Amino acid sequence: MATWNSRGLRGSSLEEFVNRTNEKYLENGLALIQKIPTPITPIQIDKANRQITLAYFEQKSTVDYIGAVQGIPVCFDAKECHTDTFPLANIHDHQIAFMENFEKQGGIAFFLIAYTKREEYYYLTFELLKKFWKRKEEGGRKSFRFEELLPDFFLNASGVFIPYLEGLSKDLSARR
């Protein structure tokens, strides 16, 4: 069982950027996307500061975000990568299963990846992820490289705004 404080604040800036982007999309009537909180069981609480200092995850989480974009159901997970190689161990079987089922119901699933050293954001289609996942399951690489990504799905981020709807638009066009 993983502890809540074992991973520190990894991904918190990406999460903040995505949350701000979601607020902007909502303000402009483009999308309604909500962060899905991961249920935890507090173990230790600093009573003086009223903060949880140690907790356990109650269950496996599925995705970070879920909602609708102009009538299209979407779900996605946001991940940070500090090198040019993304380990597929950062994605779990239950997340793949959830996303597959989500897409079977007519939704769109994807990953938003922040390459922190490069200061670049990437919209990873579920279709491309499945190719990498299949390669791993067949005994191949357990990661994918920056160079393997499709150039059209890099996002032109501006400040704290990550325009992932641009990637979604391209994803939808490719599916037609």
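Mentor: The model is predicted, so local features need pLDDT of at least 70 and side-chain atom pairs count only at pLDDT 80 or more, while totals for chains, interfaces and linings use all residues. Residues are numbered from 1 along each chain as its sequence is written, and side-chain values use heavy atoms, with hydrogens and water left out.

Trainee: Why is I113 called buried?

Mentor: Buried means under 20% relative accessible area, exposed over 50%, and partly exposed in between, with a 1.4 Å probe and protein chains only. I113 has 1% relative accessibility, so I113 counts as buried. I113 lies in strand 7, residues 108-115; strands (E, at least two residues) and helices (H or I, at least four) are DSSP runs numbered from the N terminus.

Trainee: What makes a residue a contact of I113?

Mentor: Contact means heavy atoms within 4.5 Å. Not counting residues up to four places away in sequence, I113 touches K79, C81, F86, E120, Y121, Y122, L124 and F144. The C-alpha atoms of I113 and L124 are 7.1 Å apart.

Trainee: What makes the pair E103 and R175 a polar contact?

Mentor: A polar contact is a pair of N or O atoms within 3.5 Å; within protein, one must be able to donate a hydrogen and the other to accept it, and residues adjacent in sequence count only if both atoms are side-chain atoms. The side chains of E103 and R175 are joined at 2.7 Å.

Trainee: How do you know that the length of helix 4 agrees with its number of residues?

Mentor: The expected span is 1.5 Å times one less than the number of residues. The twelve residues of helix 4 (164-175) should span 16 Å, and the end C-alpha atoms are 17 Å apart, which agrees.

Trainee: Which residues of helix 4 are buried, and where do they sit?

Mentor: The buried residues are Y164, L165, G167, L168, D171 and L172. They cover an arc of only 150° around the axis, taken from the directions from the axis to the C-beta atoms, so they are on the same side of helix 4.

Trainee: What makes strands 1 and 10 edges of the sheet?

Mentor: Two strands pair if DSSP finds at least two bridges between them. The open sheet has six strands in the order 1-4-5-7-8-10, with mixed pairing. Strand 1 (31-35) and strand 10 (154-155) each have a single partner strand, so one side of each is left without a neighbour in the sheet.
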